[in-house]
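Dear colleague,

I am handing over a structure for you to look at, and below it I have set out what was found in it. Please read the notes with the structure open beside them.

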Amino acid sequence: MKKNLSAIMTSLIVLGCAYPVFAAPKNVYTDADSGFSVQTANPIFEYASRHSYGFQENISATDSVNSIAAIPADIVTKKTGIAFSTKEFKAKLAAEMTKKSGGKPDYVLFQPETYEHPEDKPYQSMEDAIFHIFSEGDIPNAKVTYDTKTVGKQNYFVISVQYPGEFDKAKDIDKKATDVKLYLTSENDILYLAGSYCSAETEAAKKAKEDSSGNKDASLKKNYEEKGVSMETAGNAVDNPQALQKALLPLTDSSLNDPKFQKSLQKERDAVLKGLTFFKPDKSKKFFGFNDPVLKQAVALPGNWMYARVTPDVKELEGMNLNVAWAAPYTMVTNIASMCMTMDVTKDIKPDDVYKIYDESVLLASYSYRKKKNKNAADVMEEIFSVPQSQMQKAVDEMMSSLLNYEKLKKYAVLSNAKAKIANDGQLIKFSFDSNVKVLDKYDFLTRSVLSGTRDKGLFSLYVAKGDKAKTKSIVNLADTVKLLPDK
């Protein structure tokens with residue numbers, strides 16, 4: 001099951017809007033180009049691309065991840081081989097709503113296999129990745145049900161997939177129990193996929209697995225017997241950790257059949273559906289990126305990228321606001337996420353695997369603080385701005401000399417073509433550092449970092465590209481496009 005990066009990054013991950021609607025209420029994501037908006041309560045993280053948005057609420061009884069993807073008619077047609085239109089979709093949906101049985105429909109868009117993707121096949125395009133909800137091979141082992149649902153005036157076809165979990169002995173991967181619902185609807189010849197992903201294992205089940213990894217006590221055998229595992233099986237399981245996991249997995253506590261948990265999960269899913277709004281797309285809005293809530297301005301990104309954003313709550317620094325965002329090409333992120341979902345991260349994934357997929361990315365961290373609430377920080381900033389630029393540059397040069405000759409660092413990374421500059425005009429201090437980096441004497445990267453700030457706000461940017469050359473120019477210089485001072 002793909003963790004919906006599509007629950008990523010999941011888990012990552014993570015937001016502004018595809019076209020910023022500055023007058024919109026707080027926690028409303030609007031994609032004008034794709035014709036949808038999503039209302040959230042208080043997301044702990046968010047991610048978005050030109051055609052998709054995902055989030056996880058900070059307060060959730062189920063820790064579920066929700067997403068919405070908008071797929072244009074031409075992409076749907078290319079994927080299914082059948083001409084797609086909202087008119088036909090609604091006709092098929094209306095027919096399903098009159099049926100009394102919940103059998104598997106004939107319409108290709110109502111079949112879960114349409115949204116499968118082979119685990120070992122890399123994504124070739126952003127559209128290909130957006131269509132992926134389930135991993136190939138999961139559906140036959142899952143409980144799949146079909147239904148229809150009306151929320152307000154919007155009708156949905158619902159595919160529910162409950163996956164009991166399994167242990168893949170060949171890959172030594174424990175695939176956890178999951179509960180996924182996919183709500184399908186259409187407007188303006190766009191197919192909308194509203195997904196909800198939830199790990200169905202309870203905390204007790206997770207703890208039981210952790211405890212069982214090294215526990216060979218006889219009382220544990222007794223516990224297995226009480227759950228229906230024979231003494232012989234339990235004995236073999238204790239001697240073989242892999243067999244132990246395999247024996248326990250179908251018997252561990254799960255929320256799949258927990259009425260109280262399922263009620264909470266459905267309540268959260270209904271809240272997401274109620275917060276969805278569809279409208280006629282405005283194709284004149286070409287901007288994609290996110291609205292930085294700290295610096296209060298839009299940050300533009302390439303149309304084939306995605307970003308994940310979090311806003312940490314730093315209680316220790318009174319009056320301080322932070323925003324952290326990470327952005328990269330969509331297919332790169334989804335391919336890495338898919339690899340992590342299908343391999344044991346600690347055992348199977350090697351640096352070569354990641355380096356092969358990696359292309360480029362940028363990390364942005366912005367901050368601001370209120371001087372009245374953080375006088376110490378204000379005093380420190382005044383002291384820093386009083387240092388002459390020549391003295392600052394001298395300190396930077398000395399720092400660079402020490403860094404380039406630091407033997408412990410050379411064991412892991414060797415810097416070359418390193419350049420560091422700092423400027424202070426009394427209103428803005430800007431430090432930039434460019435370098436080629438060879439990691440572990442094998443992996444080449446180009447990096448550019450920028451730290452610029454005024455007396456009350458600032459921005460840190462780190463760009464990392466595979467190889468020895470910068471790739472997307474607009475991303476390399478992204479920090480330079482963010483204004484920290486008002487126009488004169």
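Predicted model: local features only at pLDDT ≥ 70, side-chain atom pairs only at ≥ 80, totals over all residues.

Residues are numbered from 1 along each chain as its sequence is written, and side-chain values use heavy atoms, with hydrogens and water left out.

The protein has 16 helices and 23 strands, where helices (H or I, at least four residues) and strands (E, at least two) are DSSP runs numbered from the N terminus. Of its 488 residues, 48% count as buried; buried stands for under 20% relative accessible area, exposed for over 50%, and partly exposed for what lies in between, with a 1.4 Å probe and protein chains only. The protein exposes about 24,700 Å², of which carbon and sulfur atoms supply 53%, the areas coming from the Shrake-Rupley method with a 1.4 Å probe and, for residues, with only the protein chains shown counting as cover.

The largest nonpolar core has 46 residues, and those with the most contacts inside it are Phe89, Tyr115, Leu184, Leu191 and Leu193; such a core is a set of buried Ala, Val, Leu, Ile, Met, Phe, Trp, Tyr and Cys residues joined through side-chain atoms within 4.5 Å. Apart from it lies another core, of 42 residues, including Ala70, Leu276, Val294 and Leu301. Not counting residues up to four places away in sequence, leucine 184 touches, among others, Phe89, Tyr115, Asn155 and Leu193, contact being heavy atoms within 4.5 Å.

In helix 2 (residues 73-80), the buried residues are Ala73, Ile75, Val76 and Thr80. Seen down the axis of helix 2, these buried residues fall within an arc of 160°, so they line one face of the helix; the arc is that of the directions from the helix axis to the C-beta atoms. The face turned away from the buried side of helix 2 carries the exposed residues Asp74 and Lys78, while the cover over its buried residues includes strand 5 (65-72), helix 4 (126-130) and strand 13 (190-199). Glycine 81, which follows helix 2, has a positive phi near 80°.

Turning to the strands, 3 of them form an open antiparallel sheet in the order 1-2-14, two strands being paired if DSSP finds at least two bridges between them. Strand 1 (28-31) and strand 14 (276-278) are the edge strands, each pairing on one side only. Strand 1 is joined to strand 2 (residues 36-39) by 4 bridges, and tyrosine 29 has valine 38 as its bridge partner in strand 2. Elsewhere, strand 15 (residues 289-292) and strand 16 (residues 297-300) pair in the antiparallel sense over 4 bridges, with alanine 298 in strand 16 as the bridge partner of asparagine 291.

Lysine 296, in the hairpin of strand 15 and strand 16, takes a positive phi near 55°. Asparagine 417, in strand 20 (residues 413-424), has a positive phi of about 55° and is exposed, with a relative accessible area of 59%. Aspartate 441, in the loop between strand 21 (429-439) and strand 22 (443-453), has a positive phi near 60° and is also exposed, at a relative accessible area of 69%.

With best regards
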